[in-house]
Amino acid sequence: MDYETKPTNRYELRLYAALFRSICGFSQDEPIDPVALLDRLPELEGFEDVRYEVVYNDALPGNVPAQCEKSDDGYLIQIKESVYKGAYERKTGGHRMHIIHEIMHPFVDKLGFKPIFSRRLTKETPVYRRLEWIVMALAGEVMMPYESTEGKTAEEIMRIYGVSERAAKKRLTY
Amino acid sequence: MGYTKYGEFMRVLRVKEHEVMGDTAKMLGVKIPFVSAVESGKRNVPEEWVPMIVEHYKLDQEKEAELLDAIESSKTQMKLNLVHASNTQRRLAVQFQRSFERLDEDTAEAIMKLLNKEDQ
């Protein structure tokens, strides 16, 4: 579910992406495998309370490839079997992005992007105040670091970082 | 929420061996959601998995004992063999099953003490 939250911008998101890579022990330009990252989460600083499950496709609604739920015990990421298999067996960029997107949810929450329940999301709410947009944009920044993708073609970005054509082309526009 | 002791054992093993849950599912010949359900405690660990895990990860005796202990601690269901049980034992088993969810910690501790005394 989408919410209005505190505003951010691309500059901040790039700093958060660099912070995330640093927490994971990745360099600022190497490609990330979200599937392998799932098992490492409880060992990473700030992610001790994040768990994941791969669920049968009918366990989540048709339009939900994966989700992250927060409870008193922590965060539970649930990933549909088809999405996990796509990322694991075929290394499909879109599926890999779905997984990193869900990993970003607890990170963004811990960074203080809490839902502002007193305000309703409207068409006028700018994207930089929308939780889902922030998570999506941060996932892109994490998978395709700005500095190291500068000057590269969409094909190169796709090949090096294992993202979809759509994501690579989007990277070139900002 | 969280992983069972078995789930945690397997997670650590995979990280060490640079494997992922998909690899575990392939090795065991089952679907990934089933592996996931077992690791999160929704299903029991199938007995036939033990030798497969021991062989695949080349676990030494100490690690194998750790695996068995993790499996024991992660059990979600237990079976009681009542074939040779007396009527009193059967009544006790049924009563225990009925009362199990309502047992408070103190009563559980007291019963365990009593049963341990019987073993000695």
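Between chain A and chain B, about 1900 Å² of area is buried, and carbon and sulfur atoms give 58% of that area; buried area here is the accessible area (1.4 Å probe) that two parts lose on being put together, summed over both. On the side of chain A, the residues that lose the most area to chain B are A:Asp39, A:Tyr56 and A:Tyr88, which together account for 31% of what that side buries. This is a predicted model, in which local features need pLDDT of at least 70 and side-chain atom pairs count only at pLDDT 80 or more, while totals for chains, interfaces and linings use all residues. Residues are numbered from 1 along each chain as its sequence is written, chains are lettered from A and ligands numbered from 1 in the order in which they are written, and side-chain values use heavy atoms, with hydrogens and water left out.

Counted by residues, the contact (heavy atoms within 4.5 Å) takes 22 residues from chain A and 20 residues from chain B. Four salt bridges are counted between the two chains, each being a side-chain nitrogen of Lys or Arg within 4 Å of a carboxyl oxygen of Asp or Glu. In one salt bridge the side chains of A:Glu53 and B:Lys42 meet, with 2.7 Å from N to O. Between chain A and chain B there are also ten residue pairs in polar contact, both residues being at pLDDT 80 or more; a polar contact is a pair of N or O atoms within 3.5 Å, where within protein one must be able to donate a hydrogen and the other to accept it, and where residues adjacent in sequence count only if both atoms are side-chain atoms.

The side of chain A that touches chain B draws at least two residues from each of helix H2 (34-40), strand S1 (50-55), strand S3 (74-80) and helix H3 (81-88) of chain A, where helices (H or I, at least four residues) and strands (E, at least two) are DSSP runs numbered from the N terminus. S1(A) gives the most to this side, with five residues. By class, the side of chain A that touches chain B has eleven nonpolar, two polar and nine charged residues, with Ala, Val, Leu, Ile, Met, Phe, Trp, Tyr, Cys and Pro counted as nonpolar, Asp, Glu, Lys and Arg as charged, and the others, Gly among them, as polar.

Turning to chain B, there are seven helices and zero strands. The C-alpha trace of chain B spans about 50 × 30 × 30 Å along its principal axes. Of the 120 residues of chain B, 34% count as buried, a label that means under 20% relative accessible area, whereas exposed means over 50% and partly exposed lies in between (1.4 Å probe, protein chains only).

Within chain B, B:Thr24 has its place in helix H2 (residues 21-28), and B:Thr24 counts as buried because its relative accessibility is 0%. Leaving aside neighbours within four places in sequence, B:Thr24 is in contact with B:Met10, B:Arg14, B:Val35 and B:Tyr57.

Two loop lysines can be considered together. A:Lys91 lies in the loop between H3 and helix H4 (93-110) of chain A, and its phi is near 55°, a positive value in a residue other than glycine. With 48% relative accessibility, A:Lys91 counts as partly exposed. B:Lys58 lies in the loop between helix H4 (49-56) and helix H5 (61-73) of chain B, has a positive phi near 50°, and is exposed, with a relative accessible area of 73%.
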